[in-house]
Amino acid sequence: MSGRFKDSAHLIRVAAVFLLGAVVFVALRAAVIPKSFGQFGPYRGKALLEMQARPVKFAGHDVCEGCHPDVAETKAKGVHAHVNCETCHGAQAKHADDPATVKPVLPEVAKLCVRCHSENIAKPNGFPQVNAAEHSGGQDCKTCHQPHSPGFGSGGKK
Amino acid sequence: MEGFMYPNEVELQWSVLIVLYPFLTGLVAGAFILASLERVFRVEEVKPTYRLALLTALAFLIVAPMPLQLHLGHPERSLEMYLTPHRASAMAMFGFVYMWYLMAVLLLEIWLDYRRDIVLMAQASTGAKRLLYKLLSLGSDNISEGALRVDDRAGWIITLIGIPSAFMLHGYVGFIFGSVKANPWWSTPLMPVVFLFSAMVSGIALVLLMYMVTSLLRRAPIDMRCLDTIAKYLFYTFVIDFTMEMLDLIHRIYEADESFRSLDFMVHTRLFLSQIVLQIFVGTLAPLALLALTQLMKFPEIVRKRMYAVAATLTIIGIFAMRWNVVIGGQLFSKSFLGYTTYKLEFITREGLLPAIVLMILPFFILYVLIKVLPPWHGENTGATPAETD
Amino acid sequence: MNLTRRQVLLLLPAAAAAWEFVKAGTPDQAPNYSMDEHWWGMLLDITKCIGCGSCVRACATENDVPDGYFRTWVEQYHREDWHIEAPVVSSPDGGKNGFPPGKVAGGKNFFVPKMCNHCVDSPCTQVCPVGATYHTADGVVLVDYEYCLGCRYCIQACPYGCRFFHPTKHTADKCTLCYHRISKGLTTACCENCPTGARQLADLKNPKDPIHEFLKTHTVQVLKPHLATGSKMFYNGLDGSVR
């Protein structure tokens, strides 16, 4: 009996090595796995909170209209009523935060208008599209169209 | 780029390193299965290659994770796969399959088979070498008849467990691709099967070549009964592998689902060289024909050796091409089935051709070291007394 | 939305109050936001999309998306007569600067905005080996940039091609449904900047959300329904040729 055990003793050494490995593994897990892992699900909980906390770059039209009700009113009467401010004016959260110091740069009207309104076969029927070169004979869009309420003839004024 | 691809698809995500990975693990699985033929199924004709096959498997298994590490965006985070594995992910579970196979199967089996030699070499050497062998013996020096019988029994059990483990090792890699429903080139239940059988084919071919090369280098005679048997198993395994691949192909062509036209075009254009020429003709049909000839007709020894060597080399090239066609091919076409892109393989970048070549050669250097430390052949200046003749 | 002066006056203090939580550049937690009260999706109206690319540009600005990679993009389709399996599709730079004037007349032509579908049964989260990409309780699929290994399995697993490998972060990246905005009561950058209302954020758990009525009265589809991903991006007027 003891001879049998003696002859298997080296296998116990192997088992001991494996056991040691398992212990190291468990200890490593406790030490290294981020503490918030599993907080909301099988992922690092802090990651979700970090994602929520990212800064915002577009203020959103509600905020713009809060300070610029006159423009909001003009826009609401025309066909650009549902075109939000930052679509043309770019991200303005920084401006909304500090209107005195951070001034928005007015968009390059010609390039801007053409992006939406140049004719393309894939645009929905009924959407106003023009061949930019032929349409105005080279004149700037603002000559005839006021961007906030762009009905024909509204241009030239603010 | 040709046609239309989703804008984020144009760049390939998985490079030649990811081609290398299934190739290397395939060689491991294949070499091990060959070794287990002798151990479990008592095909004692292949006994001369038993230890060599095990050491070859170990050398390649050590290198296998390296292409993965090189490929990761954050290799320093790779431990996360063991610490917080996502149980639904085949890739995460594979980390454990790999670890299990390495530790509980391969290392243990090698240790049990070599233990007697290790103890004897520890006793016969001095200095650093002695320390090395002492460590390897785990401090035990019991090599009595009883202990060796225990070793033999334990080794048999390990090998028995090892066969399904080897199947899992490479079947899992096939599953990693085969379970991706987004990619119709990969998504098929046959993928693990095809991967496994092609792995066995490549592993057997590698051991055949290694046996011939090491015998040549040692100026030792080749046991033709062994070589013929290995070639026979290579042939049979290859027939099964080829059948599986043809089944997949015929099924695709017949059903012709929405992806078929796009994939068909890709195979005939972008993948023509690697799939039709290299994988099918050079890498499968040619070696199969050579091997079939040796099975059907009697050739003199020298001719057989040449045929086997050519067949085995072509096989290994063909299996590498198969991995290439699966991994790279699966990324050359758009998931919109409306376009194709190209793979820009660079030379000296982290995922370029040079690291791939280095990683392919590295296992042979490791194998050389392993052979020096744990000689597979008896009577080779290690002080070990030949217990059995090879 | 036609605003009367009265409405504007009411809006001003509300906007100011909301803005406190939304201050630009000041990372802050989203107070008063409970994940369990929301289930996010989006309505994409093909009949309204004009392919202007405002959404692509806005997303790139809001989320610092690197050039050449896309969290959202727009595709232009041309279906020739009945050839529903062979549309001609293009997406020059993801539609970021709009599309060139179209020459291919005849057949059916339209634009399709694409983005992450925030699938309920997403294949991408299924394959992630470490839990670096995950579902939130409010139905958004996100990536943890501190944890992602960069193995790119998720990019392979996404059937919609919406993920990419970030060139400097060296992790996977994709549309986050502007989680940092929607958790603060704002809409996504793409929806905010769509001039025609072709993109509209929807809170499927909110009974008052207009999407419920829309879904009752319109024919909607999701992309690649045969893959059963549980996509929450609902397309109105989606043609059968769309891949």
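Two strands count as paired if DSSP finds at least two bridges between them. Helices are DSSP runs of H or I with at least four residues, strands are runs of E with at least two, and both are numbered from the N terminus.

The model is predicted: local features need pLDDT of at least 70, side-chain atom pairs count only at pLDDT 80 or more, and totals for chains, interfaces and linings use all residues. Residues are numbered from 1 along each chain as its sequence is written, while chains are lettered from A and ligands numbered from 1 in the order in which they are written.

Chain C, then. Its strands β3, β2 and β4 form an open sheet in that order, with antiparallel pairing. β3 (88-90) and β4 (108-115) of chain C are at the edges with a single partner strand each, so each has one side without a neighbour in the sheet. From one strand to the next the twist averages 25 degrees. Strand β2 (residues 72-79) of chain C is joined to β3(C) by three bridges. C:Tyr77 has C:Val89 in β3(C) as its bridge partner. Across β2 and β4 of chain C lies helix α2 (residues 54-63) of chain C, at about 160 degrees to β2(C). Axes here are lines fitted to C-alpha atoms, for helices over the stretch in contact, and angles run from 0 to 180 degrees between N-to-C directions. Contact between two residues requires C-beta atoms, placed from the backbone, within 7 Å.

Next, chain A. There are eight helices and two strands in chain A. Chain A has a radius of gyration of 33 Å, well over the 15 Å that the globule rule gives for 158 residues, so chain A is more spread out than a compact globule. That radius is taken over C-alpha atoms, and the rule is 2.2 Å times the number of residues to the power 0.38. The C-alpha atoms fill a box of roughly 110 × 40 × 25 Å along the principal axes.

Strands β1 (residues 145-146) and β2 (residues 149-152) of chain A pair in the antiparallel sense over two bridges. They form a hairpin with two residues between them, and A:Gln146 stands opposite A:Ser149 in β2(A).

How much of chain A is buried? Of its 158 residues, 29% count as such. Buried means 20 or more other C-beta atoms within 10 Å of the residue's own, exposed means 12 or fewer, and partly exposed is in between, with C-beta atoms placed from the backbone. One example is A:Val83, in the loop between α4 and α5 of chain A. A:Val83 is buried, with 22 other C-beta atoms within 10 Å. The C-alpha atoms of A:Val83 and A:His61 are 9.2 Å apart, with 22 residues of separation along the chain.

Now the interfaces. The contact between chains A and C takes 47 residues from chain A and 60 residues from chain C. α2(A) gives the most to the chain A side, with five residues. By class, that side has 26 nonpolar, nine polar and 12 charged residues. Ala, Val, Leu, Ile, Met, Phe, Trp, Tyr, Cys and Pro count as nonpolar, Asp, Glu, Lys and Arg as charged, and the others, including Gly, as polar. Towards chain B, 15 residues of chain A are in contact with 13 residues of chain B.
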